Amino acid sequence: MNFTMSFSELMPLAPVMIVSLTAIVVMLLTAIKRNHNLVATTTVIGLNLAALYILFVLLADQFAPANVMNLFLVDPFTMLYQFVIIVAALACSTLSHAYIETYKDNREELYILMLTSVAGAMLMVASSHYASFFISLELMSIPVYGLLAYTHQRSQSLEAGVKYLVLSATASAMLLMGMAYVYAYTGSLSFVAEPGKL
């Protein structure tokens, strides 16, 4: 199997790359100098750029479904769901800014966790293979542990994070077992039936 790819073949995942790049920029800004307003503004700008790219592609009316590495399928429905995820992330960023402003400890990491989880959710809705689906699901859910327990001084927050960690680990184990059964029966982990399978 040839895994060499050109940048143009990855372009259907451009919104995810924009969000991921925003997360990296936020990490660098946090490492250089902590500034809550700057980090929050950068997060909102990155999410808006990803949303504008999706709108541009959908409104151009020349978008054809694209298969990326046989792991992701990007079609208009995928773009629509990614747009909804970004809108929800923008709402969370805006609403959490005022709340976390009163938080005495580090505030900037909240946006790193949020952007990472958003990138995982955007990849998950584009997945066309169980392997990419599971990795995307974990990329989305693991930062949520930190988001739930972010205000760890509050006992309810820490308790919620630990409970979600246990629940998520159990659910992931059950999901992997189910995927193993699907592979044992079909001989494939792809969501789309392959010729000669079944």
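Q: Which residues are linked in a network of salt bridges?
A: Arg34, Glu108 and Glu109 form that network. The model is a predicted one, in which local features need pLDDT of at least 70, side-chain atom pairs count only at pLDDT 80 or more, and totals for chains, interfaces and linings use all residues. Residues are numbered from 1 along each chain as its sequence is written, and side-chain values use heavy atoms, with hydrogens and water left out.

Q: What makes the pair Arg34 and Glu108 a salt bridge?
A: The term requires a side-chain nitrogen of Lys or Arg within 4 Å of a carboxyl oxygen of Asp or Glu. The closest N and O atoms of Arg34 and Glu108 are 2.8 Å apart, so the pair meets the definition. Arg34 lies in the loop between α2 and α3 and Glu108 in the loop between α4 and α5, so this bridge ties together parts that are 74 residues apart in sequence.

Q: What is the N to O distance in the salt bridge of Arg34 and Glu109?
A: It is 2.6 Å. Because Glu109 belongs to helix α5 and Arg34 to the loop between α2 and α3, the pair joins parts 75 residues apart in sequence. Helices are DSSP runs of H or I with at least four residues, strands are runs of E with at least two, and both are numbered from the N terminus.

Q: Why is Glu108 called buried, and why is Arg34 called partly exposed?
A: Buried means under 20% relative accessible area, exposed means over 50%, and partly exposed lies in between (1.4 Å probe, protein chains only). Glu108 has a value of 3%, and is therefore buried. Arg34 has 37% and is therefore partly exposed. Glu109, with 24%, is partly exposed.

Q: Why does the span of α5 agree with expectation?
A: The expected span of a helix is 1.5 Å times one less than its number of residues. For the 18 residues of α5 this gives 26 Å, and the end C-alpha atoms are 26 Å apart, so the two agree. Of these 18 residues, 14 are buried.

Q: How far does α3 reach from its first C-alpha to its last?
A: Helix α3 (residues 36-60) has 25 residues and reaches 36 Å, close to the 36 Å expected. Its buried residues, including Val39, Leu47 and Ile54, pack against α2 (14-32), α4 (76-101) and α5 (109-126). Just after α3, Asp61 takes a positive phi of about 60°.

Q: Why is Phe63 called partly exposed, and which residues is Phe63 in contact with?
A: Phe63 has a relative accessible area of 24%, and therefore counts as partly exposed. Contact means heavy atoms within 4.5 Å. Leaving aside neighbours within four places in sequence, Phe63 is in contact with Val57, Val74, Asp75, Pro76 and Met79. Phe63 is found in the loop between α3 and β1 (66-68).

Q: Why is His152 called partly exposed?
A: The relative accessible area of His152 is 41%, so the residue is partly exposed. His152 is found in the loop between α6 (130-148) and α7 (155-186). Leaving aside neighbours within four places in sequence, the contacts of His152 are Tyr103, Asp105, Ser157 and Leu158.
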